[in-house]
Amino acid sequence: MMSLAAPAYLWGALLAAVAVTALHLLARRERRAEPLPTARFVPDRVATSVVRPDRLKDVALLALRLLALTLIGLAASRPTWTARASGTARIVIVDRGAGAWGPTVDVVQQLSQGVATSLVLVDSSARMTTVEQLSVREDSLAPAVAGSMSAAFVLAVREAQVLTRRFTRVELHVVSPMLTAELDAATLSIRRLWPDSVIIHDVPARPNESVMAGMETILSIDDPVGAAARLTQPIRADGRASIRIRRGAPTSDDIRWVGDAARILLVWPDSATTMRGIDTLDAVTSSTATVTGYFRRSGAAPIGRPIMWWSDGAVAAGEAVTGQGCVRSVAFSPSPRGDAAISFGVRRIMERLLAPCGATVLGEKAPANARGVLAAPGPPGRATPVPAPDGPRFLPAVLLLAAGLALLAEQWVRRPNATPAVRA
Amino acid sequence: MTLARYGPLLDAVRGLQWPSRRRATGMLPGAHESRRRGASPELSEYRAYRQGDDPRQLDWKLLARTDRAFIRLAEERSIVGTIFLLDASASMDFPRGGGNKWEAACALCVGMAAIAHASGDPVGLLVPTASGQLSLAPRTRRGTVQALIRALEQVHPSGATPLAESLARIGQAQRVVVLSDFLGDEAALRRACQPLLAGRREVHGVHVVADAELAPSLGSGLVEDPESPAVRRPLTAESRAAYVATFAAWRHDVAHAWRQSGAAFSSVITSEEPVRAIRRLVTT
């Protein structure tokens, strides 16, 4: 089935064809002169008297001109060839990065039964896949990551343009815990490209990988770091803790302790050097949270891979692998004044610092109202996704080439008929 | 045109005579009456001997019988060199295809040349063309007519070459035959013939006219002169009547002018049988 992106050009070409036909019919041509050696004896009158043809002449010439005009108009109207559509198809956005793998696969398999299904797999990137590939993939071992729903929606809309060529209805399903970290400022705008409603299948998020086997602190009782840490991890005094928090330089015992098992040594700056004169607001950001407060920067730079940054881009915390565990050095301390140490932001920062080595913190689920906005139908009057062309993309070029050939043939047909006569 | 094409024509004109309209001035004996009186076997008259006469012409037997000297006079006959001047302009190629004026002129030329050649007259040819002048000097030897036919085969009428200039190259030919439609330099040609006529030479003008010129069909209604494309005229029923009258008047004027100048003038229509036309031409 051919569809035209700019049919006005075709209509214009047809109007021009009508005009050409009218000119062809109205053309009054001078008669062809026949040789007569004694023509000088014919009375000299106006030799340009013209007559109207009593029947249509040069039919081939007219046909070639009309054909060329029509082909040019058709090529300018950007035609596309699409197949006849029928049935229903589904596009399923599979949140592999944040969703629990088992429930996610179950939902996807239910959705794909008996219906043509295209899968958009989301983790650190968004890509197309199939149900068969999804079943055999060992995705449960993949690290958790908060993907981008914006990228998934873009891919889904693009896939819908392809599917609408063959299906009359295309549904969009999202199988995801729909975390806040997966949404961004562009998500809602991109989702509006989808004119219909989005069906969200809520699945549980990946288990909280930041749960460790307790912690032990080498801190003073009034240290705000200890207070913030205790809101995240329980204190374990039986010597089997997997997290150790201390201030100042780590000892050889700390290094040996952290290297023996999958443990974390969290090293904070010495309070005596950092707690004085905190009078400037600053901001510390991680992959999941940003907190502002009265922080004093430490003179020593954190070691290892950066995991937190100051607002100006300087490294605020780093992670260095040591044996089976890791040492995380922090270059700031929360203010001891007020309840800043137990604020929501500092707790999020602490969750990141106490997460297992190399792990990612997924964050929380998106608010219910945000999920509702995403699931609701798009604004009224929005067009359905334009079917993408599945015919040859070079169809306009082929039409233009055919028009050129028609014009060449027109020259070839016209040449034998060329006479000195001119059209009136 | 081929030699075989002229075969029936040459057979039909065999035996015809084309006497000179004026007494010939040639020295060589031929078939035409000469202006000279000589000692040929054909007795004409006796004349009393006058001082200065050739003693060899004395009739000695009559002198012995009558004791009076008489000269035996006889009619002299001599040849007449004939040259044909053919118009090969584009207007002669009408109507297009067979049966045009050029073919009719060639047939007349070949037939009349064959008659003249059979009488022992030297026959030559002059055809001014756009690419140069085709010339065949007058000769009497065998194969002259065939050579003339081959020369004509090389010519295709085109252009608008004047004929008058070619008259300067006719040499001593006693008889000049101009075969043309006279649509070119007719006046100049006629003026160029005046010295020839004054020199007691014989000039024949043969006006070749096509039937389509006498009664042109309306056709597309527009006609053009092939030699002058700028001349384009609408040919309608009423303009054709005027054309026919004008053309007839012009032909009459041309014939009258040529005859007034002392030349023989005849018109030949392309539809006329060449043999019939040749018989008419050589007997007038």
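About 30 Å³ of space lies in the largest cavity, a set of points on a 1 Å grid over the protein atoms alone where a 1.4 Å probe fits but cannot get out; the volume is the space filled by probe spheres set on the points, which are joined across faces, edges and corners. The model is a predicted one, in which local features need pLDDT of at least 70 and side-chain atom pairs pLDDT 80 or more, while totals for chains, interfaces and linings use all residues. Residues are numbered from 1 along each chain as its sequence is written, chains are lettered from A and ligands numbered from 1 in the order in which they are written, and side-chain values use heavy atoms, without hydrogens and water.

To see the cavity, select its lining (residues with an atom within 4 Å of a point): B:Met112, B:His204, B:Gly205, B:Val206, B:Ala264, B:Ser266, B:Leu281 and B:Thr284. Strand 7 (202–209) and strand 10 (264–269) of chain B each give two or more of these residues; strands are DSSP runs of E, at least two residues, and helices runs of H or I, at least four, numbered from the N terminus.

Next, select helix 3 of chain B, residues 101–118. Of its 18 residues, 17 are buried, meaning under 20% relative accessible area. Just after this helix, B:Gly120 has a positive phi of about 90 degrees.

Finally, go to B:Arg232 in strand 9 (residues 232–234) of chain B. Its C-alpha atom is 6.8 Å from that of B:Leu222, ten residues away along the chain.

Note on methods:
The expected span of a helix is 1.5 Å times one less than its number of residues. Buried means under 20% relative accessible area, exposed over 50%, partly exposed in between (1.4 Å probe, protein chains only). On a 1 Å grid over the protein atoms alone, a cavity is a set of points where a 1.4 Å probe fits but cannot get out, and a pocket is an open set with protein on both sides within 12 Å along at least five of seven lines; lining residues have an atom within 4 Å of a point.
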